[in-house]
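Take the points in order and find each residue as you go.

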Amino acid sequence: MTFSFSVDRILGDRSFAEIGYPTLAVTDERRGLVAVAGTHGFPEHPTVGLYDTATLSCRALIRSRDVVQAMAFHPTLPLLAVGTGSYDGGYSFSGDLLLLDLETGTSVSACKPWEGPQILKLEWLDTQRLRILMAPSDDWEDSEAHAQGHSAVVFQPDWTTVPPESIDPLNWPAPGSRHPGLTAGPPRTGW
């Protein structure tokens, strides 16, 4: 007896197949690149792909342990900052700052594992200063923790030489003003 079969779909036969379902994208028009974050249907497997805007071919692929919340291309260096984070459902927010070298495709986890804040938004102020909007470290006695974030500016003389796990969020400048309407969870727009 013979069985016939048909092909329903070919996995990978579409744009951004490497990252699964796209959730966030940022472009770098100068370099002709687009960074796309996504998941394969499971929030535990977030991925960021770096693509050529002309051909949509994948140039680099990185995975993170937390959901990708924010991305920002450096204004002059071949670098993409990726902010991740999640809420544990109990009381703690955590995340990481990943730095992707656009030329080599390698990435650095800048924070020590499980010590980084949930990063909600990133903005390069200039070539050495990165403004980070983050959730509080926990919601213990903080009724606004799920409704407001706070910001800090992190300075590095050369962001391409940041060693792994070398940026300690406990040594970041004191949190700035609260930003209402920016909640811990999915990526948000605006400051």
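The points below go through strands, cores, salt bridges and a few single residues of this predicted model.

1. Four strands make it up, in the order β5-β6-β7-β8, and their pairing is antiparallel. At its edges are β5 and β8 (107–109), each of which pairs on one side only. From one strand to the next, the twist averages 20°.

2. How many bridges hold β7 and β8 together? The two strands pair in the antiparallel sense over three bridges. To see one of them, find L99: its bridge partner in β8 is V108.

3. Another pair worth a look is β3 with β4. These strands run antiparallel and are joined by five bridges. Along the pair, G49 stands opposite L61 in β4. The two strands form a hairpin with five residues between them, and here L56 takes a positive phi near 60°.

4. Stay with β3 and find T47, which belongs to this strand (residues 47–52). Is T47 buried or exposed? T47 counts as buried because its relative accessibility is 0%, and the cut-off for buried is under 20%. Leaving out residues up to four places away in sequence, T47 touches E18, I19, V36, A37, G38, H40, L61, I62 and R63. With R63 there is also a polar contact, side chain to side chain, at 2.7 Å.

5. One of the residues that T47 touches is E18, so please turn to that residue next. E18 sits in the segment before β1 (21–28). At 33% relative accessibility, E18 counts as partly exposed. Beyond its neighbours within four places in sequence, E18 is in contact with H40, T47, Y51, C58 and L61. The side chain of E18 makes a polar contact with that of Y51, at 2.8 Å. As for C58, it lies 40 residues from E18 along the chain, yet the C-alpha atoms of the two are separated by 7.9 Å.

6. Next come the nonpolar cores. Which residues of the largest core touch the most other members? They are L97, L99, L122, L130, I132 and W159, out of 19 residues in this core. Each of β5 (68–73), β6 (79–87), β7 (93–101), β9 (119–124), β10 (129–134) and β11 (148–155) supplies at least two of the core's residues. Apart from this core lies another, of 16 residues, with V48, A60, V68 and F73 among them.

7. W159 deserves a moment of its own. Setting aside neighbours within four places in sequence, W159 is in contact with H74, L77, L79, L97, L99, W124, T127, Q128, R129, L130, V154 and I167. That list includes L97, L99 and L130, which are also among the core residues named for touching the most other members.

8. Salt bridges are the next thing to check. A search of the whole structure finds five. One of them joins the side chains of R59 and D52, at 2.7 Å from N to O. R59 is partly exposed because its relative accessible area is 47%, whereas D52, at 13%, is buried.

9. A second salt bridge to find is the one between the side chains of R65 and D96, at 3.5 Å from N to O. What does this pair tie together? R65 lies in the loop between β4 (58–63) and β5 and D96 lies in strand β7, so the pair links parts that are 31 residues apart in sequence. R65 has a relative accessible area of 31% and is therefore partly exposed. D96, at 2% relative accessibility, counts as buried.

10. To finish, look at R131 and E123. These two form a salt bridge in which the closest N and O atoms are 2.3 Å apart. R131 is partly exposed, with a relative accessible area of 22%. E123 is partly exposed as well, with a value of 28%.

Technical notes. Residues are numbered from 1 along each chain as its sequence is written. This is a predicted model: local features need pLDDT of at least 70, side-chain atom pairs count only at pLDDT 80 or more; totals for chains, interfaces and linings use all residues. Side-chain values use heavy atoms; hydrogens and water are left out. Buried means under 20% relative accessible area, exposed over 50%, partly exposed in between (1.4 Å probe, protein chains only). A polar contact is a pair of N or O atoms within 3.5 Å; within protein, one must be able to donate a hydrogen and the other to accept it, and residues adjacent in sequence count only if both atoms are side-chain atoms. Contact means heavy atoms within 4.5 Å. A nonpolar core is a set of buried Ala, Val, Leu, Ile, Met, Phe, Trp, Tyr and Cys residues joined through side-chain atoms within 4.5 Å. A salt bridge is a side-chain nitrogen of Lys or Arg within 4 Å of a carboxyl oxygen of Asp or Glu. Two strands pair if DSSP finds at least two bridges between them. Axes are lines fitted to C-alpha atoms, for helices over the stretch in contact, and angles run from 0 to 180 degrees between N-to-C directions.
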